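Have the structure open as you read.

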Amino acid sequence: MSIQSINPLTNKVLKEFEAHTDAQIEEILQTADSTYRKWRKFSFEERSKLMHKAANVLRSNKNKYAQIMTDEMGKTKKEAVAEVDKCALCCDYYANNAARFLADEPLEIDQGEAYIAYDPIGTVLAIMPWNFPYWQVIRFAVPTLMAGNVGILKHASNVPQCALALEEVFREAGFPQGCFQSLLIPSKKVDNLLADKRIKAATLTGSEGAGSKVAAKAGKELKKTVLELGGSDPFIVLADADIDKAASTAAKARMLNCGQSCIAAKRFIVVQEVYEQFIKKFKQQMSSLKQGDPNADGVDYGPMAREDLAEELLEQTQKSIDKGAEVLLGGDRPDKEGAFFNATILANVKPGMPAYEEELFGPVASVFKVKDEEEAILIANDSPYGLGGCVWTQDIEKGKNFVRQVESGAVYINKMTASHPALPFGGVKMSGYGRELSHLGIREFVNQKTVWMEK
């Protein structure tokens, strides 16, 4: 079968790639396994030098790599360049900190001496999504390689050029052949990979449906997984919030990457005292955003990543409207070529609507008026997801107490939810388990070996 790269701006095929054959998959697995036996013996200093080179490759070619993203999944050029820079930051971060994160950790014991040694485990399989086609992969690959493991990437089928570009980055940086390889295969081939004894663990970022299937198969094979799945993040505005700042940030938090982010703010929960004030400013901010060609200067959001995704979002939106949701802005698609969807705000969202029950993965915001902070918590936690969130208040101590009640892997105060190499990233409930990034991320796929000896 062929794997197509389609430009969502024009819905035209850019390139076609033949999927890897079973013989090619076997060769990639053999190469990874052989390389691991050598790579695990490299010192942290040797790995670090190569990882800094990877950062330089990314920065030196940022416009080239950014353009591939823009062409394949519609990300605006400005956001695409920022994503490449963030990937380079991650490379430098782990190059500088991996040795410290994985240093032998002394344990207190009254007999003899003991410590935890962090050893690599082998080949890790990554099943990655299209929405941040470099960043999602880099935050897996960089700590994996710095720990002494090797990685195999099964990327989303609509971003094959991004998958090959990432392989190029590590090759150009001088990593041994087999440290990082991209597989161009359909999803139905993943089960066989998970069953292969050379694959020691797997990580997936995607839908809860895909995560459940991978976790079940990996569990059958007794292999560890890390899952970063969907999110329907609450953006909670309390009565004492800075409304101007909250509203302007809310628009950015919903519309970054055309709303196609697991940690995008999706449910805007506002206490009644400031609801009308917030909605007025939020609508103004959302209305002012410019839709258009993601290559053009001044464009705030382009098309969604695929035509079928835009149609699915329209169906979810229309079903919510049919059930009583009020359209404050948008609610439809523009009459033009490309996978576009207009910036949308839905109010009067109730249980039973897709806008309440499901993740709306695109530029659609759901707003909720609540009578007090207690009801805000109830609405925030009334979701199958728990990935990110934020609360807006000028009373920081109140904010610190408030976030402890929100069921989520991360909650920020007076700041939109975002990822950073130094901060643990992951969720609870249907948003998955395990953590990426920071010292926690690099310790997910290592053998935490206990060593105990007599003095």
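This is a predicted model: local features need pLDDT of at least 70, side-chain atom pairs count only at pLDDT 80 or more; totals for chains, interfaces and linings use all residues.

**Aromatic pairs**
- The count for this model comes to 15 aromatic pairs.
- One of them is F235 with F268, a tilted pair with 5.2 Å from centre to centre and 40° between the planes.
- That pair links distant parts of the chain: F235 belongs to strand β10 (residues 233-237), while F268 belongs to strand β11 (residues 265-271), 33 residues apart.
- F235 has 0% relative accessibility, so it counts as buried, the cut-off being under 20%.
- F268 is buried too, with a relative accessible area of 0%.
- F268 also pairs with F282, again tilted, at 4.8 Å centre to centre and 40° between the planes.
- Because F268 lies in strand β11 and F282 in helix α10 (residues 272-288), this pair ties together parts that are 14 residues apart in sequence.
- Like F268, F282 is buried.

**Charges over rings**
- R47 has its charged end over the ring of F44, 4.9 Å from the ring's centre.
- K75 does likewise with F132, its charged end sitting 4.1 Å from the centre of that ring.

**Helix α2 against helix α5**
- The axes of helix α2 (residues 44-60) and helix α5 (residues 135-146) come within 9 Å and cross at roughly 150°.
- That angle is over 145 degrees, so α2 counts as roughly antiparallel to α5.
- On the α2 side the contact involves F44, R47, S48 and M51; on the α5 side it's V142, L145 and M146.
- Sorted by class, the contact has 5 nonpolar, 1 polar and 1 charged residues.

**Around L89**
- You'll find L89 in helix α4 (residues 77-101).
- With a relative accessible area of 37%, L89 falls between the 20% and 50% cut-offs and therefore counts as partly exposed.
- Leaving out residues up to four places away in sequence, L89 touches R59, H420 and P421.
- E16 is 73 residues from L89 along the chain, and their C-alpha atoms are separated by 31 Å.

Notes. Residues are numbered from 1 along each chain as its sequence is written. Side-chain values use heavy atoms; hydrogens and water are left out. Rings of Phe, Tyr and Trp (its six-membered ring) pair if their centres lie within 6.5 Å; planes under 30 degrees apart count as stacked, over 60 as edge-to-face and the rest as tilted. Helices (H or I, at least four residues) and strands (E, at least two) are DSSP runs, numbered from the N terminus. Buried means under 20% relative accessible area, exposed over 50%, partly exposed in between (1.4 Å probe, protein chains only). A charge sits over a ring if NZ of Lys or CZ of Arg is within 6 Å of the ring centre and within 35 degrees of the ring normal. Axes are lines fitted to C-alpha atoms, for helices over the stretch in contact, and angles run from 0 to 180 degrees between N-to-C directions. Angles under 35 degrees count as roughly parallel, over 145 as roughly antiparallel, 65 to 115 as roughly perpendicular and the rest as oblique. Contact means heavy atoms within 4.5 Å. Ala, Val, Leu, Ile, Met, Phe, Trp, Tyr, Cys and Pro count as nonpolar, Asp, Glu, Lys and Arg as charged, and the others, Gly among them, as polar.
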